[in-house]
Amino acid sequence: MRALVPEPKPGDLIEIFRPFYRHWAIYVGDGYVVHLAPPSEVAGAGAASVMSALTDKAIVKKELLYDVAGSDKYQVNNKHDDKYSPLPYSKIIQRAEELVGQEVLYKLTSENCEHFVNELRYGVARSDQARRRRTLRPGDLIEISRFGYEHWAIYVGHGYVVHLAPPSGSSKGVVKYEPLGDAVQNSTYRINSYLDNKCRPWPVHEIIHLARERIDKKFHYNILCSNCEHFATQI
């Protein structure tokens, strides 16, 4: 029988000790957690769940903590509270609940379950397991290396970007909201907020608001003066 663990508080991060890695969830109250679950992420999956690194999509689920943990040990671990100020717990819960049922981008190195819960609690997507030098944060500019040119997008969190797609047969491009993986496709990308040392960025919440306001709208597109890079840096 699993040892008794003190009841978590809403907004707490839950670290679950799987055999070969740590799975992370966020407690939302009444015994439930919200977590990012790749196809093989189930209690007792063991080494098989590590193979979820091969997938690029995962589902945000709301389940009982008891069911998610299974026979594995778990603990409350708000380990970054000394580095970042947690968001108000009501905001954390609201954001978590809004994402339940959504399919989002999943990458072991940059968009895993630990990135997911840290972004919900602190607004910063980071994972100590992934040990990346730099993790994606909402508001980051994404430079995508296409054949012969660079395409630009703005990261808005939870694996999604907003970007101005070049026109097809007209002079207007359409602003799209889609998973980073769909925008990147087979290309490579990097974080490149290159103007931060020249111009102070807008507050993150304002960047996200401006980006979301423009989704599905059409804008004049000119490769010299009104292209995807102009769009992203203006936001």
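Reader: From which domains does the lining of the largest cavity draw at least three residues each?
Author: This is a predicted model, in which local features need pLDDT of at least 70 and side-chain atom pairs count only at pLDDT 80 or more, while totals for chains, interfaces and linings use all residues. Residues are numbered from 1 along each chain as its sequence is written, and side-chain values use heavy atoms, with hydrogens and water left out. On a 1 Å grid over the protein atoms alone, a cavity is a set of points where a 1.4 Å probe fits but cannot get out, a pocket is an open set with protein on both sides within 12 Å along at least five of seven lines, and lining residues have an atom within 4 Å of a point. For the largest cavity, at least three lining residues come from each of domain 1 (12–122) and domain 2 (140–234), with bounds from an automatic or database domain assignment.

Reader: Which element supplies the largest share of the lining of the largest cavity?
Author: The lining comprises 13 residues, with Glu-111, Phe-116, Glu-119, His-158 and Gly-159 nearest the centre. Strand E6 (103–105) and H4 each supply at least two of the lining residues, where helices (H or I, at least four residues) and strands (E, at least two) are DSSP runs numbered from the N terminus. The largest share, three residues, comes from H4.

Reader: Where does the largest pocket lie?
Author: Its lining has 39 residues, of which Pro-138, Gly-139, Val-204, His-205 and Ile-208 lie nearest the centre, and H6 gives the most, with six residues. Because both domains give residues to this lining, the largest pocket lies between domain 1 (12–122) and domain 2 (140–234).

Reader: How much space lies in the largest pocket?
Author: A volume here is the space filled by probe spheres set on grid points joined across faces, edges and corners. For the largest pocket this comes to about 1000 Å³.

Reader: At roughly what angle do the axes of helix H3 and helix H4 cross?
Author: The contact (heavy atoms within 4.5 Å) is made by Ile-92, Arg-95, Ala-96 and Leu-99 of H3 and Phe-116, Glu-119, Leu-120 and Arg-121 of H4. H3 and H4 are therefore oblique to each other, the class left after under 35 degrees (roughly parallel), over 145 (roughly antiparallel) and 65 to 115 (roughly perpendicular). The axes of H3 (residues 89–99) and H4 (residues 113–122) come within 8 Å and cross at roughly 140°.

Notes
Axes fitted to C-alpha atoms, helices over the stretch in contact; angles between N-to-C directions.
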